[in-house]
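Here's a friendly walk through the model shown below. Have a look at it first, then read on.

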Amino acid sequence: MSTEAPFRQIVGQIRAQIDGGQLRPGDRVPSARQITAEWGVAIATATKVLAALRAEGLVEAVRGVGTIVADRDEPAEPVRRERRQRPAAAEPTREQMVRHALALADAEGLEAVSMRRLATEFGLATMSLYRFVRGKDDLVRLMIDAAFAEAPLPAVPPKGVQAQLTVASRQLWGIFRRHPWLAPAMSITRPEFAPHGMKYTEWSLAALDSLGLSETEMMQIHLSIFAFVRGLAMGFATEAQAAQHTGMSSDEWMERQAATFDDLIGSGRFPMVARISAIPDFELGLDAVFDYGLPRFLHGILPN
């Protein structure tokens, strides 16, 4: 079936919502993925819809927000990330400094955190910060510990080894999701000994201890699960960096690639990819991959 008819139909329906006031200036319009799910079209068709709406001046892409309805009466006010508050205290505590560094890394990446910048933002001499931390590596360890402290594990574990490992893995995923810089900052071979992070190791080993495994086996299983979660979560940092460098969200980037993708699919060289691309509700996102992969990974790695 030709994509021309549904493409025009979807554009007309969204245009009607904008003209009728159901979608007002500044409101987010459906993303490419939402269009595929709601109208049952391929992702390539959905990206053409958004491109057509932009060409008509009805919508605009806003970095860090998505595609919104444009203000056609006057230029839309740029949507910006809420500005971080400069610490009020002239002499910060170590906790204040770590929390400020954490917010800075979340907003701009870990490379934006430096002793010089923190000193400037606190109005202090750079050398004065060494009263609180030994250096950047020590600061990063404290930031990692603070990130894990935000998500304490339950006081009472659920029943069953897989259930307990699922809880830990999902909370770990949530921490990585909130702090995109964190997964690349952690290492298996050079671990950061952060007390709140080590509680996750303790939790996993305690869960595995009931299986009668050797200490080596338990640690290998724990590290393998951590590597699965961390490895997939590295995508958060990659996506954040790409959005910062290009000014486009993943949906907007996909829209730009629509013509190239259509040419490749139309060549007939990739029939299996073409079949998958025709699935209207296929979710190409890190959360979807994690939700699908985690239970299967745990089922495969745990002894029967």
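## Starting at Ser204

Ser204 sits in helix H9; helices (H or I, at least four residues) and strands (E, at least two) are DSSP runs, numbered from the N terminus. At 8% relative accessibility, Ser204 counts as buried. Here, buried means under 20% relative accessible area, exposed means over 50%, and partly exposed is in between (1.4 Å probe, protein chains only). Set aside the neighbours within four places in sequence, and Ser204 is in contact with Leu165, Ala168 and His222, where contact means heavy atoms within 4.5 Å.

A word on ground rules: this is a predicted model, where local features need pLDDT of at least 70 and side-chain atom pairs count only at pLDDT 80 or more, while totals for chains, interfaces and linings use all residues. Residues are numbered from 1 along each chain as its sequence is written, and side-chain values use heavy atoms, with hydrogens and water left out.

## The big picture

The protein has 14 helices and 2 strands. Of its 304 residues, 38% count as buried. Take the contacts between residues at least 6 apart in sequence: 70% of them join residues at least 24 apart.

## Where H6 meets H9

Back to H9, this time with a partner. Helix H6 (residues 136-149) and helix H9 (residues 195-208) pack at an angle of about 55°, and their axes are 6 Å apart. Axes are lines fitted to C-alpha atoms, for helices over the stretch in contact, and angles run from 0 to 180 degrees between N-to-C directions. That angle makes H6 oblique to H9: under 35 degrees counts as roughly parallel, over 145 as roughly antiparallel, 65 to 115 as roughly perpendicular and the rest as oblique.

Which residues make the contact? H6 brings Asp145, Phe148 and Ala149, and H9 brings Pro195, His196, Gly197 and Tyr200. Sorted by class, the contact of H6 with H9 has 4 nonpolar, 2 polar and 1 charged residues. For that sorting, Ala, Val, Leu, Ile, Met, Phe, Trp, Tyr, Cys and Pro count as nonpolar, Asp, Glu, Lys and Arg as charged, and the others, Gly among them, as polar.

## Two nonpolar cores

In soluble globular proteins, nonpolar side chains tend to be buried together. A nonpolar core is a set of buried Ala, Val, Leu, Ile, Met, Phe, Trp, Tyr and Cys residues joined through side-chain atoms within 4.5 Å. The largest one here has 57 residues, and Val113, Leu139, Met143, Phe176, Trp181 and Leu182 touch the most other members. Helices that each supply at least two residues of this core include H4 (94-108), H5 (115-122), H7 (161-178) and H10 (215-246).

What does Val113 touch? Not counting residues up to four places away in sequence, Val113 touches Ala101, Leu104, Ala105, Leu118, Lys136, Leu139 and Met143. There's also a second, separate core of 18 residues, which includes Phe7, Ile10, Ala32 and Leu58.

The buried residues of H5 are Met115, Leu118, Ala119, Glu121 and Phe122. They cover an arc of only 165° around the axis, which puts them on the same side of H5; the arc is that of the directions from the helix axis to the C-beta atoms. These buried residues pack against H4 and H6.

Over on the other side of H5, Arg116 and Thr120 are exposed. Just after H5 comes Gly123, with a positive phi of about 70°.

## A few more stops

His179 lies in the loop between H7 and H8. Is His179 buried or exposed? His179 is buried, with a relative accessible area of 3%. Its contacts, leaving aside neighbours within four places in sequence, are Leu102, Asp106, Ala147 and Glu150.

Gln171 belongs to helix H7 and is partly exposed, at a relative accessible area of 22%. Not counting residues up to four places away in sequence, Gln171 touches Ala151, Pro152, Leu153, Pro154 and Tyr200. Glu111, in the loop between H4 and H5, is exposed, with a relative accessible area of 57%. Glu111 and Trp181 are 70 residues apart in sequence and 9.0 Å apart in space, C-alpha to C-alpha.
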